[in-house]
Amino acid sequence: MPRHALSQTKKAQIEGEELDKLYARAEALYLHEHSLPPPHHPLGLRKVCDVIEAEYSQETNNKRNIKLSHATLGRHLNGGKTIRESNAEKEWLSADETQRLIAVALELADWGQPCNYIRLRELANEIIRAHHGDKFPKSGVGKEWAYRFVERHSAQLHRYKARALDDVRARAVNKPAHDAWCDLVEEVQLRGDDGGPIAPECTWGMDEVGFQPNGNEGYEYVIGGPGKKLQYQQQKGGRENITVCVTISAAGATLRPLVLYSGKAFLESWLQENPSKASYVIIQLLPQN
């Protein structure tokens with residue numbers, strides 16, 4: 001999967017974290033230099049910065065150069081805070097509240113009800129108001145806050161285009177049902193052939209997907225955990241216009257796709273424009289009494 005270019009916000013975050021690490025190395029070197037007994041002549045602040053800069057340049061094969069300020073290093077040694085630490089104190093959300101918000105977003109995604117950016121802002125505003133009360137502006141966090149929040153915590157959160165998940169399927173997404181299904185499949189797979197395992201060429205999996213023929217269902221960006229290919233989102237109703245079934249065996253063999261239409265007649269053009277050689281079935285719904 002191709003990697004997306006990093007935003008300016010994310011680049012600044014990564015550079016800031018890298019800079020903090022280099023200042024920590026510079027502090028350790030300075031303290032070490034001044035812990036050595038005479039006649040050792042300890043390095044000064046400027047020289048320590050020069051040494052760390054040169055080491056970093058060598059470690060990155062001269063592809064990256066970062067300048068350290070001897071004045072900033074001096075403030076750190078005197079107990080001063082880094083820019084990132086100072087900015088963190090200005091945040092409305094504490095570290096614990098940030099992790100709680102991330103946990104809620106991930107849990108909602110697992111339920112098939114992922115947050116979009118608007119909902120993430122609403123959740124953040126609720127947490128902050130519960131903590132700060134009237135001190136927090138009525139307007140809440142800024143319009144771009146949710147985008148920056150997901151970028152800052154990209155190791156835990158990721159943006160997806162939501163894929164619809166019907167209510168009936170969503171209600172089945174729970175741990176007891178999942179565990180029971182896995183146990184059942186394992187039992188059948190290992191002992192389903194007269195007490196022995198079922199051969200791969202005799203093991204077949206089938207899945208179906210429903211969609212509307214116009215393809216204009218639309219989508220929105222939602223938030224879930226990293227590492228997924230899809231993020232499902234519950235929707236009301238079903239997608240009954242067209243259903244496509246695909247089947248593949250554990251040995252890699254496949255059957256022709258099966259396309260189910262709800263209608264009254266079969267069109268010959270379907271067979272003419274059929275590169276996958278799919279089978280077609282017309283389903284006539286009987287009128288209800």
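This is a predicted model: local features need pLDDT of at least 70, side-chain atom pairs count only at pLDDT 80 or more; totals for chains, interfaces and linings use all residues.

Biologist: What do the side chains of Glu122 and Arg119 form?

Modeller: They meet in a salt bridge, with an N to O distance of 3.3 Å. In general, side chains of opposite charge can pair when their charged atoms come close.

Biologist: Which other residue forms a salt bridge with Arg119?

Modeller: Glu126 does, and there the closest N and O atoms are 3.6 Å apart.

Biologist: How accessible is Arg119? And what about Glu122 and Glu126?

Modeller: Arg119 is partly exposed, with a relative accessible area of 31%. Glu122 is partly exposed at 38%, and Glu126 counts as partly exposed at 47%.

Biologist: How many salt bridges does the structure hold?

Modeller: There are 6 salt bridges. One of the pairs is Arg191 with Glu187, whose side chains meet at 3.1 Å, N to O.

Biologist: Where do Arg191 and Glu187 lie?

Modeller: Both are in helix α9, which covers residues 175-191; because they are 4 residues apart there, about one helical turn separates them. Arg191 has 46% relative accessibility and counts as partly exposed, and Glu187, at 41%, is also partly exposed.

Biologist: Which residues are linked in a network of salt bridges?

Modeller: Arg25, Glu55 and Glu59 are linked in such a network.

Biologist: Let us change topic. How many residues are in the largest nonpolar core?

Modeller: That core has 20 residues, and those with the most contacts inside it are Leu93, Leu101, Leu120, Trp145, Phe149 and Leu157. The elements giving two or more residues to the core are α5 (95-110), α6 (117-132) and α7 (145-152).

Biologist: Which element supplies the largest share of this core?

Modeller: Helix α6 does, with 6 residues. This is also the helix that holds Glu122 and Arg119.

Biologist: What does Phe149 touch?

Modeller: Leaving aside residues up to four places away in sequence, Phe149 touches Leu93, Thr98, Leu101, Ile102, Leu120 and Leu157. Among these, Leu93, Leu101, Leu120 and Leu157 are listed with Phe149 as having the most contacts inside the largest core.

Biologist: What does the second, separate core include?

Modeller: That core has 11 residues, including Ala26, Cys49, Leu68 and Leu73.

Terms used: Residues are numbered from 1 along each chain as its sequence is written. Side-chain values use heavy atoms; hydrogens and water are left out. A nonpolar core is a set of buried Ala, Val, Leu, Ile, Met, Phe, Trp, Tyr and Cys residues joined through side-chain atoms within 4.5 Å. Buried means under 20% relative accessible area, exposed over 50%, partly exposed in between (1.4 Å probe, protein chains only). Contact means heavy atoms within 4.5 Å. A salt bridge is a side-chain nitrogen of Lys or Arg within 4 Å of a carboxyl oxygen of Asp or Glu.
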